[in-house]
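Please keep the structure in view while reading.

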Amino acid sequence: MAITFSKDRSIFSLDTQSSSYVFAIENGEHVRHLYWGPKVRNAADFQIRPVERVDSQDAAIDTMAEEYPPFGGLRYKTTAIKPRFPDGTRDLVFRFVEHSVRDGNELVIHLRDAHHKLFVDLHYRLYDDLNVIKRWVEVENRTSADVELSTLASAYFNLPGTDYFYSQVTGHWSAEHQIFRERLQPGRADFQCRKGLTGNTHSPYFILDRGATEERGEVYFGALAYGGNWNVTIESTQFHWVRVALGINSFDFALRLKKGERFATPAVFAGFTELGFSQMSHTMNDLARQIVLPQRARERIHPVLFNSWEATKFDISVHQQIALAKKAAKVGVELFVVDDGWFGQRNSDQAGLGDWVANKKKFPKGLKELTTAVNKLGMEFGLWIEPEMVNPDSNLYRKHPDWIYEFKNRTPTTARNQLVLNLTRPEVQKYLFSVIDALLTENNIAYIKWDMNRPISEPGARNLAPADQCSLWLRHTEAVYELVDALRAKHPHVTFEGCASGGGRIDYGTLGHFDQIWLSDNTDATDRLLIQEGYSYLYPIKAMRAWVTDVPNKITKKSTPLEFRFHSAMCGTLGLGGNLTNYTQKELALCAQKVAEYKRIRHIVQDGHVYRLKSIANGRFHAVQYVYRQAESVLFVFLTAQKYIESNYAVRLRGLDPARRYEVVRREDKFVAFGDYLMNVGISLKMMGDYVSELIHLRATS
Ligand code: DGJ
């Protein structure tokens, strides 16, 4: 059984296929963490030794590994929860009430405060075959007054020892997901976002390894399912434990729980493996495809799309888009998406946000003319929106200037000439639902790209009581999720892509409501290889949109061959974003050939496992392989700059069945070899020139 409980010693053991997570209830008050790591068959073997205090400055409770340490007593470690009761008391003294098990795979530890009727439930749900534990916390106020929570982690972890490396991403707009790995030093490493969205800088997860490689070694990891202000704290303590807390950021945060109210935190998905970073990525990829993504996205192979943004920016018209659509259809595109610029007075980023009606000059007969033409060409139609925003120069703002976040007696700050709508207001929620619903009802729209191009500022909401103002950040994120969910419920055939100035909305919360995400506005094929690599550590390839765009690249000014750009974008869900009306016949023929090739291998990329074999982070050569159920595989190789002495590259493949024979197709050449040969000896490639790339396809023949 996955959840075991030894009554006499109050030990709980949560076992997945290859890991165990063990804790105990001590003295009816402390939930003491005992172990997380490779599977241990008998939880009763655990020896629970008393925790010793170091001296009067370092109490036993501070050195103890606790599952969810509240603020209180002699605790000075990272706090999981901090309340404020009406009498001014700001600590929590836990009492264990009971435990319960739901559906055989979810354990709940029920705690309460020793005096106040504040109840805290720690939830652990097991995904046995994935070796993942989902954790979250529910707090219920059964007192007779309001209780404020100013710190509220979703989950807290304790790892033994301090000899770890941590990995995270860093970056900014158009340079997202730059992965780095550092030795953990004493003290705290904090990663967070305070902007009201996930952000383009870091990602809400932790990865801690003990000298792991792609192929082997212990890795602990956990991802927060929340795209609002978030915080991940890794604390390497002097007591030889590493503590990790993930949750809503305490920055400008306070949640008032009214009498009788219950709040469930966002969840954390956490896992452990001894098989290195690849296995971690496979686990999270599988988790996303089996559990997290909206049902439709789990089952679907995503179509090849065209997006108009880089091709035509704001300067669009129905005839120009139809001309593009004709070219797109010819090369095999299946979904035609019109990006920004189609609505209101949107001729630049100065105006129009909020007025979600087709611009009369650009679309004199409404959107229908274009959607009908696109459908006739055999493609689905998609549209860009940025619902959370309003330009001061818009009809919506002129009519409802009070629908934005603002502080009294302060001028609201614009960014990209726009303000953030107050999504905590029911009228705003209603308005947004009705305009998007009308768009989806009146037009044959299969895809919505949902953007958010600025952070929240002046976080004040006229409709909220003073005591609720600091819950605004949370309420905004919840409102976005509720809006998307309501639209999905009414329009179940529509796919939603999440975007925030490129990759500013990538997290497991967003992935629970959106089918896909836009990874970065940087579409330079070489830069993208690294951005995609960073993304692939914890996020699912299936959700990652990647476009082939024109050269010189709009952002980096770099030029790379069309085939190289295709191969880079084919490592995710392929899109085209260049101005196809300027392409030569030869270029269009190559587009058609590559789109057709992608359609043959996309199930391997989208539903397979990724192996990061070589990276241009360490040289000029890059190799990434995808494996689908050991039956098929595709290898992409890239050489960015040639050095003659290094022209021969041996690539050892991974993830194949050693005992099966595979047909290997490399351009016009073919050969057959066993999986063990391909994985141990490898494929030898001679690659010449700058920015050359290849796609090698393998299929099991036995
Ligand atoms: C930012 C997005 O990342 C781009 O792809 C594009 O949609 C623009 N916004 C449109 O304003």
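A crossing is called left-handed if the near helix is turned anticlockwise from the far one by less than a right angle, and right-handed if clockwise. Helices (H or I, at least four residues) and strands (E, at least two) are DSSP runs numbered from the N terminus. The model is predicted, and local features need pLDDT of at least 70, side-chain atom pairs count only at pLDDT 80 or more, and totals for chains, interfaces and linings use all residues. Residues are numbered from 1 along each chain as its sequence is written, and side-chain values use heavy atoms, with hydrogens and water left out.

**Helix α11 and its partners**

- Two packed helices are described by the angle between their axes and the distance between the axes.
- Helix α11 (residues 562–569) packs with helix α10 (residues 525–536) at an angle of about 15°, and their axes are 9 Å apart. Axes are lines fitted to C-alpha atoms, for helices over the stretch in contact, and angles run from 0 to 180 degrees between N-to-C directions.
- α10 and α11 are therefore roughly parallel (angles under 35 degrees; over 145 is roughly antiparallel, 65 to 115 roughly perpendicular and the rest oblique).
- The crossing of α10 and α11 is left-handed.
- In the contact (heavy atoms within 4.5 Å), α10 supplies Ala-525, Thr-526, Arg-528, Leu-529 and Gln-532, while α11 supplies Phe-564, Arg-565 and Ser-568.
- Three nonpolar, three polar and two charged residues make up the contact of α10 with α11. Here Ala, Val, Leu, Ile, Met, Phe, Trp, Tyr, Cys and Pro count as nonpolar, Asp, Glu, Lys and Arg as charged, and the others, Gly among them, as polar.
- With helix α12 (residues 585–607), the axis of α11 crosses at roughly 25°, and the two axes come within 11 Å. That makes α11 roughly parallel to α12.
- α11 passes α12 in a right-handed crossing.
- The contact involves Leu-562, Glu-563, Phe-566 and His-567 of α11 and Glu-587, Leu-590, Cys-591, Lys-594 and Val-595 of α12. By class, the contact of α11 with α12 has five nonpolar, one polar and three charged residues.

**Helices α5 and α6**

- The axes of helix α5 (residues 318–330) and helix α6 (residues 368–376) cross at roughly 10° and come within 10 Å. That makes α5 roughly parallel to α6.
- Val-318, His-319, Gln-321, Ile-322 and Ala-325 of α5 meet Glu-369, Leu-370, Ala-373 and Val-374 of α6.
- The contact of α5 with α6 has six nonpolar, two polar and one charged residues.

**Around the ligand**

- Of the 14 residues around the ligand (a heavy atom within 4 Å), Asp-339, Asp-340, Lys-449, Asp-451 and Asp-521 come nearest.
- A polar side-chain atom of Asp-340 is 2.6 Å from an oxygen atom of the ligand.
- For Asp-521, an N or O atom of the side chain lies 2.4 Å from a ligand oxygen atom.
- A polar side-chain atom of Trp-518 is 3.3 Å from an oxygen atom of the ligand.

**Backbone points in loops**

- The peptide bond from Val-551 to Pro-552 is cis, with omega near -5°. Pro-552 is in the loop between β29 (544–548) and α11.
- Arg-629, a residue other than glycine, has a positive phi near 50°. Arg-629 is in the loop between β32 (621–628) and β33 (632–639).

Notes:
A polar contact is a pair of N or O atoms within 3.5 Å; within protein, one must be able to donate a hydrogen and the other to accept it, and residues adjacent in sequence count only if both atoms are side-chain atoms.
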